[in-house]
Amino acid sequence: MNFTVAQIAKMIDHSILRPEFTAQDVRDGCAIAAKYDVASVCVRPCDVPVAVEQLRGSNVLVGTVIGFPHGDSPTAVKVAETELAVAQGAREIDMVINIGWLRSGAVSAVETEIKEIVAAAGEASVKVILETAYLTDEQKLAACWAAERAGAAFVKTSTGFAPTGATVDDLALMRSAVSAKVQIKASGGIRTLDALLAMTSLGVTRFGSSATAEILDDLARRRVAMS
């Protein structure tokens with residue numbers, strides 16, 4: 001086992017995004033993130049202030065989602081949402097592209113929107129969610145190229161709310177499409193350590209998952225068994 005628990009933890013964005021979550025669910029999710037010292041939490045926009053307060057003094061960043069989960073808010077709304085999230089303390093921004101625009105061939109409009117959100121995010125990292133379940137390979141490539149040209153830090157597979165999530169084939173395609181300066185985030189259906197480890201071999205450096213405790217506890221058990 002090449003990775004330590006701490007190393008894998010810093011590859012995970014702990015997802016706290018389900019629409020029915022209560023304020024206590026959000027606080028409990030932040031507690032899990034702090035306990036395992038993950039890379040970040042990814043919370044609903046309304047929960048950014050709570051997450052910032054809960055994680056104050058920790059090494060866990062607060063991230064949120066923009067245009068979630070459908071990506072079809074007007075660009076001005078997405079920009080305003082980004083500006084507010086950053087002002088409230090979000091340090092990572094996961095934005096959903098306008099999927100309909102991309103599928104219509106309006107790649108330049110998609111790129112312009114990403115660029116505006118990157119500018120609004122300032123020093124916060126922007127991860128561009130493609131929602132691969134709805135795209136052809138050609139559309140996935142076009143979205144990756146647009147995201148890199150627009151200055152995004154990551155390209156990401158999925159919201160977790162589409163029919164399918166991250167796949168090995170999509171991740172390999174995305175990694176081949178962008179340069180080394182753009183990282184790859186896998187999200188959607190990542191619930192086991194084995195799935196996560198298989199994706200690291202493709203060059204994935206960040207994972208969105210709500211199964212953080214299960215994944216990291218499994219790794220800890222395996223490392224003890226090997227020692």
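**View 1. Surface and overall build of the predicted chain.** The accessible surface of the chain comes to about 9800 Å², with areas from the Shrake-Rupley method and a 1.4 Å probe, where for residues only the protein chains shown count as cover. Carbon and sulfur atoms hold 54% of this surface. The model is predicted: local features need pLDDT of at least 70, side-chain atom pairs count only at pLDDT 80 or more, and totals for chains, interfaces and linings use all residues. Numbering runs from 1 along each chain as its sequence is written, and side-chain values use heavy atoms, with hydrogens and water left out. Along the principal axes, the C-alpha atoms fill a box of roughly 55 × 35 × 30 Å. The radius of gyration is 17 Å, which agrees with the value near 17 Å for a compact globule of 227 residues. That radius is taken over C-alpha atoms, and the globule rule is 2.2 Å times the number of residues to the power 0.38.

View 2. The chain has ten helices and eight strands. These are DSSP runs numbered from the N terminus: helices are H or I of at least four residues, strands are E of at least two. Of the 227 residues, 52% are buried. Buried means under 20% relative accessible area, exposed over 50%, and partly exposed in between (1.4 Å probe, protein chains only). Take contacts (heavy atoms within 4.5 Å) between residues at least 6 apart in sequence: 67% join residues at least 24 apart. There are 22 positive and 26 negative side chains. Lys and Arg count as positive, Asp and Glu as negative; His and the chain ends are not counted. The centres of the two sets lie 3 Å apart, each charge being placed at NZ of Lys, CZ of Arg, CG of Asp or CD of Glu.

**View 3. Leu171 and its surroundings.** Leu171 sits in helix 8 (residues 168–177). Leu171 counts as buried because its relative accessibility is 1%. Beyond neighbours within four places in sequence, Leu171 touches Thr157, Ala166, Ile184, Lys185, Ala186, Met199, Leu202 and Val204. The C-alpha atoms of Leu171 and Lys156 are 8.7 Å apart, across 15 residues of chain.

**View 4. Cysteines without a bond.** The structure holds zero disulfides, a disulfide being a pair of cysteine sulfur atoms within 2.5 Å. For Cys30, the closest cysteine sulfur is in Cys42, 11 Å away and so too far for a bond. Cys30 is buried, at 1% relative accessibility. For Cys144, the closest cysteine sulfur is also in Cys42, at 18 Å, again too far for a bond. Cys144 is buried, with a relative accessible area of 1%.

View 5. Most residues other than glycine have a negative phi, and most peptide bonds are trans. The peptide bond from Phe68 to Pro69 is cis, with omega near -5°. Pro69 lies in the loop between strand 3 (61–66) and helix 4 (75–87). Asp37 has a positive phi, near 55°. Its loop runs between helix 2 (23–36) and strand 2 (40–43). Asp37 is partly exposed, with a relative accessible area of 31%. Glu131 has a positive phi, near 55°. The loop holding Glu131 lies between strand 5 (125–129) and helix 7 (137–149). Glu131 is buried, with a relative accessible area of 2%.
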